[in-house]
Amino acid sequence: MPNTVVNATTKPDIVPLSFEGFKNIVIDDYRIAFESRQASLIGRREVLTGKAKFGIFGDGKEVAQLAMAKVFCKGDWRAGYYRDQTFMFATGMSNLKEFFAQLYAHPDIEKDPASAGRQMNCHFATRSINEHGDWNDLTEMMNCAADISTTGGHMPRLLGLAYASKLFRQNKELDYLKKFSVKGNEVAFGTIGNASTSEGLFFEAFNAAGVLQVPMAISIWDDAYGISVPAKYQTTKEDISEILKGFQRDEHTNGYEIFKVRGWDYVALCETYERAIAVCREEHVPVLIHVTEMTQPQGHSTSGSHERYKSKDRLAWEDEHDCLVQMRKWMEESAIATSVELDELEETAKKYVRECQREAWNELGAEIKNELDETVGLITNLAQASASAAELLKIGSELKEVVDPGRREVVAAARKALLLTAKEQTGQRKALLNWLDTENEKNKERFNSRLFSQTPHSPLLVPVIAPVYTEDAKAINGSEVLNACFETNFNRDKSIMAFGEDVGAIGDVNQGFAGLQAKFGDLRVTDTGIREATIIGQGLGLAMRGLRPIAEIQYLDYLMYAMNVLSDDLATLSYRTRGGQKAPLIVRTRGHRLEGIWHSGSPMGFILNALRGMHICVPRNMTQAAGMYNTLLRGDEPALVIECLNGYRLKEKLPANVGEFTVPIGKAEILHKGTDITIVSYGSTLRIVQEAVAQLEAIGIHPEIIDPQTLYPFDLDELCVASLKKTSKLLVIDEDVPGGASAYILQYIVEEQKGYYHLDAQPRTLTAKQHRPPYGSDGDYYSKPSLEDVVEAVYAMMSEGNPDKFPAIY
Ligand SMILES: Cc1ncc(C[n+]2csc(CCOP(=O)(O)OP(=O)(O)O)c2C)c(N)n1
Ligand SMILES: [Mg+2]
């Protein structure tokens, strides 16, 4: 059984406190931990009796979290995982009622401020912004970044939250941002399970924090298991702090302070956290606190029992080393409380937790009961004037009988009744229909809203300002247009910074930031290691703390390495907090055509499918890209901008207002007017399509060419369908795989915009091949749409409708 060797150097800090005062603090801590345990026990029962769908709890991890809470201050941040309820209760960032409201999925931010019933239980968050999208004063509150369920997935974000403190401390130009930091004194506290440290994201973030020297305090809750899989399959030497020893700093190096302490030893835990966080906060040194010998009294989650995979000896050891058992024993032995006093405390706590649970359940139940009664009334009324009276009454009575009904059952009954009476046009039916409409609106807000911030700060509402060109406007390299745009924005807004691989000293591989590090310093234009996931995490954390990062991924193909952070964390942030947190991170990358299997990717379908919750911008040139940056930097929603990799050296005219003009998000543009066929294309392929125009016009084909400019949102003004009304033919061209982004575009135009009604030929797509393009120009020619491919595809569609005028080429 575990026998941890802990740091022998641990020394208590002397706190001047009377024994009475000390006793009260300890007893109160025990109460919090005991209540938390009761919440876990009751929570599990609620799931097993069917009142909640799934439960995962923090039992066995309570005492360490009391210690962590003691050193957590206003302004600090937590990014952790599903075991942290005790910490949340002890800091006051959550409470028992909210805990149960989330367990029951109460879709109301007043009841579950973390997620409005959207997240599984024990997925915590505080509210950083108000309903108008304005920041709360984050220095005056304790902050919890919204949890995600993927284990280890939060580590990149944790890095960014800590990195913000470094910038706030070192960059004096940020002093005006009073709501976000007090001199960078804020610590970002991370928690992670022992098994999840096997994830690559853990190691990537761990190394990056050591390099960056940021105030990041990682606690590893080590219960020796990851569900059923024991440490020997998880961690070399079965000991994470042992193998991370090389990160320990010494007087000549940067690095970490590493601590190891047992999870049932209240005194040692309090001492360790105090020491660890002092150095972390004051010196901005990252710390690791490996908390060992933790247990899982109820097993991993409600999905199974741990008796299946833990030996009798292990289970007996866990019983004995249960942190509450140990804490209570120590309290009695140290004359902090008597057994009778603690029994009494426990009894009171049990009743209190039960009360909180009942209240939370009843509050949701009462709302639904009202809706149910109303529906039954409306269905009963409907039956009185319906040919299907008997069936309707049955629907009503069955609804009344449902045990613990949810909104699903209520709305389903109403919908069934409406289907049954579809042919009847009575006032009673109209009443039910109206009721359903109102409920659908409310439920849309409850369950489908806030994928984006939906506030007055949305980039969709940024005023449109056209580019201004003076008569002597110079034609310069596209990269120089971007460079001028970034420089103006950096001057305008001190909270903007950019970072990524090769972004700092050389100003990115294509010179967009050339010379800007020299002008703005290396805290604003910064090189990073090769670590895409944590580059995004770095940006995500900064953006959550009120800064305006541009995180650069060197090439689009490498976005894959950051995709889990973008998809799971950034893109869901607004939705999973129902607008309680935001991260207006701009991800800059470049892609589409270049050379070879990993440098010419255009996996736009993959990106569109994974990143709902981000704007996806595909500017055709650098001027459009600059206009999009100008818009996005004035809005508050996250976006990905994909510049055309082969466009930096093409000449573009420099707008006089290069840092001010805006390209609106979601607005398509007609690049060439025509009457015969509508061609929708974007990014690098668009240039080929534009080249094809001359050839097509020469043979009497007049295409209309539309650039959607952003793929999400897509053509909000519906220019595509308006064009189809003229041409009746649709060709979508891109360089993604077949059925990739082109299928997405077709769905929008044909289905959403109802383009189907205006087509007189089958809509077509012209895409790249299934495989990635080989290296070399010939490989590219045979893999991605070429000029000839475009011309022939258009010609073939014209030929179909008018073979006399356009006889088949082949
Ligand atoms: C990326 C990812 N992989 C797998 C899972 C499924 N899963 C959920 S919890 C868990 C075990 C985690 O163990 P550990 O990190 O030790 O935390 P503990 O539950 O023991 O506190 C696993 C495998 C997940 N949620 N996310
Ligand atoms: Mg574990």
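Glu 173 counts as partly exposed, at 39% relative accessibility. Here, buried means under 20% relative accessible area, exposed means over 50%, and partly exposed lies in between (1.4 Å probe, protein chains only). The model is predicted: local features need pLDDT of at least 70, side-chain atom pairs count only at pLDDT 80 or more, and totals for chains, interfaces and linings use all residues. Residues are numbered from 1 along each chain as its sequence is written, chains are lettered from A and ligands numbered from 1 in the order in which they are written, and side-chain values use heavy atoms, with hydrogens and water left out.

Glu 173 sits in the loop between helix H5 (155–170) and strand E3 (188–193). Helices (H or I, at least four residues) and strands (E, at least two) are DSSP runs, numbered from the N terminus. Leaving out residues up to four places away in sequence, Glu 173 touches Lys 494 and Arg 524; contact means heavy atoms within 4.5 Å. Glu 173 and Lys 494 are 321 residues apart along the chain, yet 6.6 Å separates their C-alpha atoms.

The magnesium ion (ligand 2) is held by Asn 194 (OD1), Asp 223 (OD) and Tyr 225 (O), at 2.0 to 2.1 Å. Donors are N, O and S atoms within 2.8 Å of the metal (3.2 Å for Na, K and Ca); water is not among the atoms, so sites may look incomplete. Along the chain, the donors follow the spacing N-x28-D-x1-Y. Asp 223 is buried, with a relative accessible area of 4%. Tyr 225 is buried too, at 12% relative accessibility.

An open sheet of 7 strands runs in the order E11-E10-E12-E13-E15-E14-E20, with mixed pairing. Two strands pair if DSSP finds at least two bridges between them. Strand E11 (525–527) and strand E20 (710–712) form the edges, each pairing on one side only. From one strand to the next, the twist averages 20°. Axes are lines fitted to C-alpha atoms, for helices over the stretch in contact, and angles run from 0 to 180 degrees between N-to-C directions. Within the sheet, strand E12 (residues 548–552) and strand E13 (residues 586–591) run parallel, joined by 3 bridges. Ile 550 stands opposite Ile 586 in E13. Helix H21 (residues 622–632) packs on the sheet and touches E12, E13, strand E14 (615–617) and strand E15 (639–644). The direction of H21 makes about 165° with that of E15.

Helix H17 (residues 532–544) packs against helix H18 (residues 563–570) at an angle of about 30°, and their axes are 8 Å apart. H17 contributes Ala 533, Ile 536, Gly 537 and Leu 540; H18 contributes Val 565, Leu 566, Asp 569 and Leu 570. The buried residues of H18 are Met 563, Val 565, Leu 566, Asp 569 and Leu 570. Their cover includes H5, H17, helix H19 (573–576), E13 and helix H20 (604–610).

Strand E18 (residues 677–681) has 5 of its 5 residues buried. Ile 677, Ile 679 and Ser 681 lie on one side, with Thr 678 and Val 680 on the other. E18 runs parallel to strand E19 (residues 703–707), and 4 bridges join them. Ile 679 has Ile 705 as its bridge partner in E19.
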